Amino acid sequence: MPRFSVIVPCFKVQGFLRECLDSVLGQSFGDFELIAVDDCSPDGSGALLDEYAERDPRVRVLHLPENVGLGRARNAGMPHATGDYLFFLDSDDTLTPGALRAVADRLAEAEDPDVLVFDYARTYWWGGTRRNVLAHLLTREGTFSASEYPEILDLLMVVWNKVYRRDFVTAGGFEFPPGYYEDTPWTFPVLLSARRIAALDRICLNYRQRRQGNILSTTSRKHFDIHDQYERVFAFVAERPELADWRPYLHRKMGEHCLDILAKPDRLPPADKAEFFRRTAEMFRRHRPEGVPVDGEVAVLTGSWTGYRIKRQAARAGREAARRAERARRAAAARARAGWTALHAHRPLDPRLVVYSASSHRGLLGDPAAIYRKAREIAPQLRGVWVVRDAETAAQLPPGVEHVIVGSRRYLEVTARAKFFVNDVNWPGTLAKRPGSVHIHTHQGTPLKYVGADLLDKPGARLGFDVPQMLRRADRWDYSLVANPHSELVWERAYPCHFTSVRTGSPRNDVLVDGGAGDFRERHGIPADHTVVLYAPTRRDYRRGGHVDRIDLARFAADLGEGHTLVVRLHPSLANGPARGMGLAELARRGIVVDATDEPHLADVLLAADALVTDYSSVMFDYAVLDRPIVVHADDWPAFTASRGAYLDITAEPPGHVSTSYRELAWLFASGAWRDEESARLRADFRSRFCAYEDGRAAERVVRALLLGEPLPGPEPVRIPGQASAPDALTSA
C-alpha cells in the first residue's frame with residue numbers, strides 16, 4: 001500500500017501536463033501511485049498519459065467515455081486509490097522539489113491526522129512567483145480541529161492545498177459535486193468534520209496562474225453554480241446538529257464569496273449580474289441564522305440590486321477622490337520638503353554631524369555600523385545620526401542611537417546640514433549634495449559578480465536596474481573604501497565617477513580579525529562540541545525572483561551526521577520571498593537546520609561557524625578573514641557567469657575545495673577533505689590576495705583619516721596577482 005495516491009484529472013492541458021507529471025514522478029519520496037484521469041480530453045492529453053504509464057509502473061490511467069468535469073473526474077479516480085492519503089493535483093499545477101518527502105515527514109510527526117494543510121505559491125505566466133499571503137496560519141504545531149483553530153478556514157477553500165487520510169474520506173462519504181466551485185462543498189464539510197488537522201509551513205505546490213484558459217476566469221452563467229454548492233454545504237451542516245454553531249460563519253462566508261464573484265469583471269455576463277445578485281440575496285435571507293446581526297460588506301445583500309449598484313459606484317468615486325487627494329498631498333509635501341531643504345541649505349554645514357545609513361535604511365548594519373561604533377569610541381565629539389526607513393526599524397535600534405526616518409522633516413534638516421555621509425548603497429536621488437559635504441561609500445563586500453556599469457552587457461542581471469541613474473548617484477561619492485586590491489580595480493572600472501579610493505579594509509570585518517565573542521550558538525541551542533557548517537547561497541539572475549534550490553538541505557544535514565549543525569543564511573534579497581517557504585522554515589521548526597537569515601549581524605553567524613559552504617556569495621571574502629575552511633559549491637557556474645558575469649573564476653583559484661555536484665559536496669565532508677592540507681593551501685593563497693588590508697583597524701582608519709582629517713594609517717598597496725588557470729577579468733593599467 002503506497003503512502004500517497006496522487007489523483008490528477010486531465011482535460012485540455014497537453015501544454016502543461018508533462019511538467020505536472022514530471023514534478024510528481026521526479027520526487028525524492030517515491031512511495032506513491034499516480035492515478036491520471038483522462039476526462040475525455042479532445043487534445044493529446046490521453047495519449048501523453050498512456051506514454052507515461054508505459055514507462056513508469058506507478059502511473060495508472062483512466063480514460064472516461066465522456067467529459068464529466070473536474071469534480072466528478074476526481075471522484076472517478078478515488079475508487080482506484082490504495083494509498084494512505086489522497087492528494088488531488090490539478091494537471092496544470094506542479095509539486096515543488098521535495099514536497100512529498102516534506103508532507104510524509106509532517107504526517108509521521110503528527111501521527112497521521114485526518115487532513116494536512118500545506119502552503120503554495122502562485123506562479124504567473126510572465127514568470128513571477130508570490131507566496132500565499134496567509135502562510136503564517138500554517139505555523140501552528142501539533143494537531144487541532146477547526147473549532148480549536150478556526151483561522152484555518154481563512155485559507156483558500158480549495159482541495160489541492162491539502163492531503164486527506166483515505167479512510168477518513170471513505171468513512172465520511174465525501175465526494176465532489178458537478179459544476180463550478182466544486183471545491184467548496186468538499187472543503188468545508190471535510191475540515192468541519194476532521195477531528196485532527198495538521199499544518200505544514202512549506203510551499204509544496206506551484207499554483208499556475210494562466211494568462212488565458214483558467215476555467216473560473218471564463219465569463220459564463222456557470223458561475224451561478226456557486227449557489228448550488230453552498231446549498232450543499234448548508235444541507236451538510238443541517239444534517240449534523242453538532243455543527244450548528246458554524247451556520248453564522250458559513251452564512252457570512254457564502255455572502256462574501258458570492259459578492260466577490262459578482263465584483264470580478266471577467267466572471268458573469270453583464271446582463272446576468274442583476275439576476276445573480278437577486279439569487280444571492282434570496283439565499284442569504286433564507287439561510288440567515290435567527291438573531292445573527294448582518295453588518296459589513298454582506299449588509300448590501302439585505303437591500304436591492306439598485307442599492308448595491310449605487311454603493312459600488314459610490315465606493316469607486318470615493319476611491320478616485322482618495323487617489324486625487326493623495327496625489328495632491330504628495331505634491332504639497334514635495335513642495336514643503338523642497339522649501340524646508342532650501343531653508344537649511346543656506347545654513348553652514350555642521351562639521352561634527354555624520355549621517356549614516358545601511359542596506360537601504362534597514363538599521364545599524366554592515367560597514368557603516370562599524371564606523372559609527374568606532375567614531376563613538378575615539379571621536380565622541382562627532383554626532384552620528386542614522387537614517388531608517390520607518391518607525392518599526394527605528395524601534396529595533398539599540399538604545400541611545402539618534403535617528404531620523406527617511407523623508408521626514410528631521411531627515412531633511414540633518415541631510416541638509418551634515419558634513420559627512422556614510423552609506424553602503426546609494427543615497428536616494430532626492431538628496432542633493434551640498435558643496436563641502438563628504439560622501440563616504442563603503443560598498444557591501446568584495447565583488448565577485450558584475451556590478452555597476454559592467455552590467456550594461458548583462459540585460460538579465462540588470463532587469464529593472466537603471467545603470468545611468470545609479471552612476472549619477474555615485475557621482476556624489478568622495479571616497480570609496482577598498483577592502484583589497486581586487487576591489488579597487490573593480491570599483492574604479494564599474495563606477496566611472498570622480499571619487500578617491502581609500503585602502504582601508506572592511507570595517508565590518510574588524511570584529512572577525514579581533515575574534516569577537518558572540519552568543520549565536522547559545523541563542524540557537526547549538527551544543528558547544530558541534531561542528532557548525534554554514535551554508536550561504538547567493539541569488540541567481542537567470543531565474544526570476546532569484547531563488548534556486550541547489551541542494552537538498554534535509555539530506556545535507558543528515559549526511560553531515562551526528563555532531564554537526566547545519567546553519568542556513570539566505571541572500572538578504574530572498575529573505576521575504578518564497579525561498580524560505582520552499583522547506584527552510586519547516587526544517588528550522590523541526591530542528592533539522594538553523595535558519596540564520598534574519599540574524600541582523602552577519603559577523604555573529606560567521607564567528608559561530610567552523611566551515612562555510614557557499615556558491616558565489618561575497619560572504620566567502622569576509623569568512624576568509626577567520627582562516628577557517630571554505631567549500632565552494634559551483635554546480636551551475638557556467639549558467640551563473642553567463643547570466644551575471646564574474647570578475648574572476650572562483651573555480652580556478654578558490655578559497656578551498658570546489659564541488660560541482662551534491663555527491664562531491666557530501667564526499668568532501670564525509671571524507672574530511674574539507675579541512676585537509678590542500679584546503680589550507682588554497683585558503684592561504686586566497687587570503688593573501690583578498691585579506692591583505694584586514695588587520696582589525698579598518699574602521700579606525702575611516703574615522704581618523706576621513707572624519708577627523710588625520711594622516712591615513714594603513715598597509716602598503718598590494719598588486720593583484722594574475723590567475724594561473726584563467727586570466728582575471730580586471731587588469732591594472
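Q: Is Cys 497 buried or exposed, and what is its relative accessible area?
A: The model is a predicted one. Buried means under 20% relative accessible area. Cys 497 falls under that cut-off and is buried, its relative accessible area being 14%.

Q: How many disulfides does the structure hold?
A: A disulfide is a covalent bond between the sulfur atoms of two cysteines. To count here, two cysteine sulfur atoms must lie within 2.5 Å. The number of disulfides in the structure is 0.

Q: Which cysteine sulfur is nearest to that of Cys 40?
A: Cys 40 is in no disulfide. Cys 40 is partly exposed, with a relative accessible area of 33%. The nearest cysteine sulfur is 13 Å away, and it belongs to Cys 10.

Q: How many helices and strands does the protein chain have?
A: The chain has 733 residues, and buried residues make up 52% of them. Its C-alpha trace spans about 85 × 65 × 45 Å along the principal axes. The secondary structure of this chain comes to 25 helices and 22 strands.

Q: Why is helix H6 largely enclosed by the rest of the structure?
A: Helix H6 covers residues 184-193. Among its buried residues are Trp 186, Phe 188, Val 190, Leu 191 and Leu 192. Thr 184, Pro 185, Thr 187 and Pro 189 are buried as well. H6 is largely enclosed because the buried residues number 9 of the 10.

Q: Which residue with a positive phi follows helix H4?
A: Helix H4 runs over residues 99-109, and its buried residues include Leu 100, Val 103, Arg 106 and Leu 107. Ala 99, Ala 102 and Ala 104 are also buried in H4. After the helix comes a residue with a positive phi, near 60 degrees, and that residue is Glu 111.

Q: What is the phi of Asp 112?
A: Asp 112 is in the loop between H4 and strand S6 (115-124). Asp 112 is partly exposed, with a relative accessible area of 32%. Most residues other than glycine have a negative phi. Asp 112 is not a glycine, yet its phi is positive, at about 55 degrees.

Q: Which residues form a positive surface patch?
A: Arg 319 is partly exposed, with a relative accessible area of 44%. Residues in a patch need over 30% relative accessible area and no salt bridge. The positive surface patch is formed by Arg 309, Arg 312, Arg 316 and Arg 319.

Q: What distance separates the C-alpha atoms of Pro 527 and Ala 358?
A: Pro 527 lies in the loop between helix H17 (520-523) and strand S17 (531-536). Pro 527 is partly exposed, with a relative accessible area of 34%. Along the chain, Pro 527 and Ala 358 are 169 residues apart, and their C-alpha atoms are separated by 33 Å.

Q: Is Asp 615 buried or exposed?
A: The loop between strand S20 (611-614) and helix H21 (619-623) holds Asp 615. Asp 615 and Phe 420 are 195 residues apart in sequence, with 36 Å between their C-alpha atoms. With a relative accessible area of 1%, Asp 615 is buried.

Notes
Residues numbered from 1 in each chain as written. Predicted model: local features only at pLDDT ≥ 70, side-chain atom pairs only at ≥ 80, totals over all residues. Heavy atoms only, no water. Patch = residues over 30% accessible without salt bridge, like charges linked within 9 Å, V, L, I, M, F, W, Y side chains within 5 Å. Areas by Shrake-Rupley, 256 points an atom, 1.4 Å probe, with all protein chains shown as cover. Salt bridge = Lys/Arg side-chain N within 4 Å of Asp/Glu carboxyl O. Lys, Arg positive; Asp, Glu negative; His and termini not counted. Charge placed at Lys NZ, Arg CZ, Asp CG, Glu CD. Buried < 20%, exposed > 50% of the residue type's maximum accessible area, 1.4 Å probe, protein only. Helix = DSSP H or I, 4+ residues; strand = E, 2+ residues; numbered from the N terminus.
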